[in-house]
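Here is a short briefing on one protein chain. Look at the sequence and the model first, then read on.

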Amino acid sequence: MALGTWVARDAMAQTARPNKLAALPGIHSAIAGGVTMEKLTSYTDITSYNNYYEFGTDKADPAHNAGPLKTRPWTVAIEGEVKKPKVYDIDELLKLSNMEERIYRLRCVEGWSMVIPWVGYSLSELIKRVEPNGNAKYVEFTTLADNKQMPYLGSNVLAWPYVEGLRMDEAMNPLTLLAFGLYGEVLPNQSGAPVRVAVPWKYGFKSGKSIVKIRFTDKQPSTSWNLAAAREYGFYSNVNPKVDHPRWSQATERRIGEGGVFAKKRPTLMFNGYEPQVGQLYAGMDLQKNF
């Protein structure tokens with residue numbers, strides 16, 4: 001049996017369902033390049049420590065406040081520089097390609113990390129179907145902004161709706177995941193239900209949650225955190241231990257669930273450990289300037 005098959009089988013064996021939410025059926029093996037065999041972060045830790053400012057700025061706020069979010073009906077509009085623009089119903093997106101489990105590291109800019117068993121498929125599967133034209137250089141992701149369901153939209157922390165973006169080659173990389181679940185079940189609301197992206201070599205805020213629009217554009221998107229504080233949050237936001245955030249060193253990290261503030265620090269890996277898969281995307285770039 002090929003090494004990749006063994007890795008995928010072992011990864012699947014680690015992830016018993018927590019039986020909290022509905023199961024996602026038909027999950028297939030993960031691609032070997034997207035799997036890490038590190039100990040998984042517990043479902044409880046993953047779903048109780050979240051950045052989702054529409055539901056509050058404290059890490060515990062989203063778990064407390066996101067419960068009422070209605071994820072049905074839900075649609076995702078595909079717009080911009082594509083030959084086949086379309087509004088997809090969430091259930092149509094769920095059936096668009098085979099579901100895979102991908103065990104990815106997640107690195108927060110504040111210095112915390114997790115290991116999460118996402119469920120979804122490569123975003124490239126959707127991109128191929130909508131056929132971007134020659135003008136499509138970037139992909140922009142827009143999060144739901146609903147004042148009736150999201151109590152912190154009245155705050156001035158960010159300009160709403162939340163917007164993130166990727167360069168086209170980043171979006172097409174097989175590791176970039178359109179995620180619908182974790183631990184074999186549908187996403188909990190605080191984790192970005194019903195659909196989000198997961199870009200494992202970038203800091204966590206680059207992976208937009210609760211997506212309602214994907215727009216293809218010829219210009220670099222104006223992303224929320226870059227607009228709010230360009231000196232602190234660059235467009236690329238690749239995990240890079242050599243480029244510090246102005247308020248935090250990025251050289252080390254602590255793993256959620258390993259002792260809190262007393263957790264042993266571990267070295268931060270370049271591109272979060274995914275350099276073999278994505279390093280070529282940035283060949284020749286000044287990563288100090290293009291942070």
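Where is threonine 223 found? Threonine 223 sits in the loop between strand E11 (211-217) and helix H7 (224-228). Helices (H or I, at least four residues) and strands (E, at least two) are DSSP runs, numbered from the N terminus.

This is a predicted model, in which local features need pLDDT of at least 70, side-chain atom pairs count only at pLDDT 80 or more, and totals for chains, interfaces and linings use all residues. Residues are numbered from 1 along each chain as its sequence is written, and side-chain values use heavy atoms, with hydrogens and water left out.

**The whole chain**

- The protein chain has eight helices and 13 strands.
- Its radius of gyration is 18 Å, close to the 19 Å that the globule rule gives for 291 residues, so the chain is as compact as a globular protein of that length. The radius is taken over C-alpha atoms, and the globule rule is 2.2 Å times the number of residues to the power 0.38.
- The C-alpha trace spans about 45 × 45 × 40 Å along its principal axes.
- Of the 291 residues, 53% are buried. Buried means under 20% relative accessible area, exposed means over 50%, and partly exposed is in between (1.4 Å probe, protein chains only).
- Take the contacts between residues at least 6 apart in sequence: 71% of them join residues at least 24 apart. A contact means heavy atoms within 4.5 Å.

**Surface and charge**

- The accessible surface of the chain is about 12800 Å², and carbon and sulfur atoms hold 52% of it. Accessible areas come from the Shrake-Rupley method with a 1.4 Å probe; for residues, only the protein chains shown count as cover.
- The chain has 35 positive and 29 negative charges, and their mean positions are 1 Å apart. Lys and Arg count as positive, Asp and Glu as negative; His and the chain ends are not counted. Each charge is placed at NZ of Lys, CZ of Arg, CG of Asp or CD of Glu.

- Threonine 223 counts as buried because its relative accessibility is 1%.
- Beyond its neighbours within four places in sequence, threonine 223 is in contact with Val163, Glu164, Gly165, Lys206 and Phe235.
- Serine 237 lies in the loop between H7 and strand E12 (252-255). Its relative accessible area is 5%, so serine 237 is buried.
- A polar atom of the serine 237 side chain lies 2.7 Å from the backbone oxygen of glycine 234.
- Leaving aside neighbours within four places in sequence, serine 237 is in contact with Lys202, Tyr203, Phe205, Lys206 and Phe291.

**Cis peptide bonds**

- The peptide bond from tryptophan 160 to proline 161 is cis, with omega near 0 degrees. Proline 161 is in the loop between strand E6 (138-143) and strand E7 (163-167).
- Alanine 193 and proline 194 are also joined by a cis peptide bond, with omega about -5 degrees. Proline 194 is in the loop between strand E9 (185-186) and strand E10 (196-198).

**Positive phi without glycine**

- Asparagine 19 is not a glycine, yet it has a positive phi of about 55 degrees. It lies in the loop between helix H1 (3-14) and strand E1 (27-28). Is asparagine 19 buried or exposed? It counts as exposed, because its relative accessibility is 57%.
- Serine 210 is not a glycine either, and its positive phi is about 40 degrees. It lies in the loop between E10 and E11. With a relative accessible area of 0%, serine 210 is buried.

Terms used
Polar contact = N/O pair within 3.5 Å; in protein donor to acceptor, adjacent residues only side chain to side chain.
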